[in-house]
Amino acid sequence: MAWFRNHYHCGDCGSDWSDEWSCCCDDECPNCSSSDWSPVDSEDLTFVVEADADDNNFTIYESPISAEDDPEYRLAAVATNRQSATAYISLRMATYWDATP
């Protein structure tokens, strides 16, 4: 399952907020409870990369297809540089949606 951080803006009260979920879904304003606000922007967080303190290794975590209410990140790979980590994610993203039931 993909994981997203969605960014919203309420046209009724002007509030801005973010929420994480498994899709780019509409949300309710936490300030005025106005509903059905679509994301104005979304960040795909299906894959997360963490660099070690020396930037020698880049650990890649993936939110599995089985995730529901939480990303349930799991170790996917370790790369020796950021370019390799990015290449791994690009390859996985190319096949990710093919694996979705």
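W3 is buried, since its relative accessible area is 2%; buried means under 20% relative accessible area, exposed over 50% and partly exposed in between, with a 1.4 Å probe and protein chains only. The model is predicted, so local features need pLDDT of at least 70 and side-chain atom pairs count only at pLDDT 80 or more, while totals for chains, interfaces and linings use all residues. Residues are numbered from 1 along each chain as its sequence is written, and side-chain values use heavy atoms, with hydrogens and water left out.

Rings of Phe, Tyr and Trp (its six-membered ring) pair if their centres lie within 6.5 Å; planes under 30 degrees apart count as stacked, over 60 as edge-to-face and the rest as tilted. The count by this rule is two aromatic pairs.

| Pair | Centre distance | Plane angle | Class |
|---|---|---|---|
| W3 and W21 | 6.4 Å | 40 degrees | tilted |
| Y8 and W17 | 5.2 Å | 15 degrees | stacked |

Strands (E, at least two residues) are DSSP runs, numbered from the N terminus. W21 is partly exposed at 34% relative accessibility. In the stacked pair, Y8 is buried at 3% and W17 is buried at 11%.

S34 sits in the loop between β2 (16-21) and β3 (41-44). With 14% relative accessibility, S34 is buried. Its side chain makes a polar contact of 2.6 Å with that of D12; a polar contact is a pair of N or O atoms within 3.5 Å, where within protein one must be able to donate a hydrogen and the other to accept it, and residues adjacent in sequence count only if both atoms are side-chain atoms.

Terms used
Helices (H or I, at least four residues) and strands (E, at least two) are DSSP runs, numbered from the N terminus.
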